[in-house]
Amino acid sequence: MEKRMDRWIRDPALSSEGSRRIAWAEARMPVLMRIRERFRRERPLEGVRVSACLHVTKETAALVRTLREGGAEVALCASNPLSTQDEVAAALVEDDIRVYAFRGMSEEEYYEAIGRALAIGPEVTVDDGADLTVTVHKLAHGIPSPELNWVRRGLGAEGVEVEGIAGGTEETTTGVIRLKALEREGRLLYPVIAVNDSPTKSLFDNPIGTGQSTIDAILRATGILLAGKRVVVFGYGRVGSGIAARARGMGAEVIVVEVDPVRALNAAMNGYRVCNSLEAARVGDVFITATGNINVIRREHMEVMKDGAVLANAGHYDVEISLKDLRDLSVEVEEVSQHVKRYRTRDGRNLYLLAEGRLVNLVAAEGHPSEVMDLSFSLQALSVEHVVKNRGRLEVKVHDVPAEIDREVAMTKLRTMGIEIDRMTEEQARYVSDWRLGT
Ligand code: NAI
């Protein structure tokens with residue numbers, strides 16, 4: 001472990017492996033690389049201090065290096081204690097980026113690392129799940145919270161100057177929900193761009209990225225045959241619908257559990273079996289949560305599950321599967337392999353928990369494929385630039401990504417894929433914008 005003021009990483013000797021993996025990702029992120037080229041020329045972030053709390057993966061490295069090329073000074077901490085790729089963290093410190101992340105951090109270390117990332121005195125925050133942004137707000141509002149003691153250990157006595165923060169960005173659904181709750185209470189202190197909600201993110205990253213990487217993670221961890229299995233997906237939102245489609249593509253019989261009638265109907269009409277959670281618990285072989293909600297799989301479900309059931313979570317926090325209930329029900333826990341734990345229940349069944357109930361695709365696999373993160377992180381880079389360009393002019397609220405940024409990223413991605421699309425004729429453009437014109 002190397003712990004210094006400017007870094008806290010597992011092993012600096014891993015850096016050359018990390019550099020090779022980052023190069024692999026960057027070769028698959030052509031949109032972000034074009035943005036990097038422009039940032040290198042124009043330096044739109046010259047001297048801007050950015051605190052980022054993201055999964056420390058090779059794709060995140062590509063983003064952070066792009067911000068650096070734009071002139072930013074970046075401090076990066078992990079947005080999950082188990083998702084850090086240690087070799088990537090090692091490579092990034094060689095690029096003059098402050099990194100405070102290693103795989104397997106304790107909760108205490110996780111928050112201390114957030115404190116360290118905040119210690120540069122951010123002008124922009126980049127977040128995934130809103131732990132960093134919420135920390136800033138708890139400190140500023142003086143809201144007592146046990147984790148703040150750990151944050152302060154990393155941050156030092158000076159604290160964070162909220163007045164100096166021009167704005168932030170947020171990567172995921174759970175983070176946006178928390179920020180909107182802050183806004184509703186009138187307590188949001190600086191503008192934040194909800195990168196998650198832009199179409200070029202949520203139509204691709206959430207369903208397609210999580211869909212593929214969740215299946216990838218389950219297979220890497222267990223090697224089970226999905227064909228013929230009953231896979232139960234909890235939540236048929238942006239993420240869940242993608243997981244359901246990918247599981248079906250592997251030959252599984254997919255069952256959907258929902259609480260929203262519209263989403264449930266959508267699943268039913270897409271040909272999935274939809275039923276309530278207890279019924280699904282009795283028949284499922286593999287259970288995947290993707291709701292952003294708490295205790296979605298709990299004791300009553302675990303009590304009726306079949307021997308051998310596999311439980312995994314793709315939602316942001318490790319709260320969707322009740323670990324407490326699983327422990328309470330069990331008489332024995334055994335580590336089967338790195339990402340698989342066997343819980344033996346009192347009545348003699350085995351339930352297998354993957355990745356300790358944390359987002360399985362980032363813990364047991366490598367997160368989203370680079371090609372998808374090319375979109376999400378291009379939006380992030382341009383959103384950071386937007387915040388800096390409009391410093392002091394953005395209303396303090398949760399903003400959408402400006403539509404022109406969204407379109408620019410989608411259009412550039414199409415071009416890099418060699419795809420040309422049509423333009424409306426002038427007549428068509430008039431037709432779709434004039435209320436007078438009809439049949
Ligand atoms: P969403 O809001 O589109 O979908 C969530 C769905 O879960 C909704 O349809 C909702 O009705 C349903 N739901 C809520 N409570 C439920 C319950 N008790 N039982 C069954 N269904 C329930 O949200 P999205 O974008 O799909 O995100 C879901 C979670 O995944 C969030 O925590 C998000 O941050 C996370 N996420 C994880 C990624 C990863 O890489 N693993 C990537 C992107 C998002």
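Begin by selecting Tyr-343 and then Leu-351, its bridge partner in strand E16; the model on your screen is a predicted one. Widening the selection to strand E15 (residues 340–345) and strand E16 (residues 350–354) shows two strands that run antiparallel and are joined by 5 bridges.

Next, colour the whole sheet to which these strands belong, an open sheet of 8 strands in the order E11-E10-E9-E12-E13-E16-E15-E14, with mixed pairing. At the edges stand strand E11 (273–274) and strand E14 (330–337), and because each has a single partner strand, one side of each is left without a neighbour in the sheet. Strands of a sheet pair through backbone hydrogen bonds, either parallel or antiparallel.

Now move to the ligand, which sits in the largest pocket. Selecting helix H8 (173–184), helix H10 (205–222), helix H11 (238–249) and helix H16 (360–363) will bring up the elements that each give two or more residues to the shell around the ligand. In total 26 residues surround the ligand, with Thr-172, Thr-173, Thr-174, Glu-258 and Arg-263 the closest, and the shell divides into 8 nonpolar, 14 polar and 4 charged residues.

In the side chain of Thr-172, an N or O atom is 2.7 Å from an oxygen atom of the ligand, while Glu-258 places a polar side-chain atom 2.5 Å from an oxygen atom of the ligand. At Asn-293, by contrast, the ligand atom to pick is a nitrogen, which lies 3.1 Å from a polar side-chain atom of that residue. Taken alone, the ligand exposes 860 Å², of which the protein buries 89%.

How values were computed
Residues numbered from 1 in each chain as written. Predicted model: local features only at pLDDT ≥ 70, side-chain atom pairs only at ≥ 80, totals over all residues. Heavy atoms only, no water. Near = heavy atom within 4 Å. Polar contact = N/O pair within 3.5 Å; in protein donor to acceptor, adjacent residues only side chain to side chain. Areas by Shrake-Rupley, 256 points an atom, 1.4 Å probe, with all protein chains shown as cover. 1 Å grid on protein atoms, 1.4 Å probe; cavity = no way out; pocket = protein on both sides within 12 Å on 5 of 7 lines; lining within 4 Å. Sits in = over half its atoms within 2 Å of the grid points. Helix = DSSP H or I, 4+ residues; strand = E, 2+ residues; numbered from the N terminus. Nonpolar A, V, L, I, M, F, W, Y, C, P; charged D, E, K, R; others polar. Pairing = 2+ DSSP bridges.
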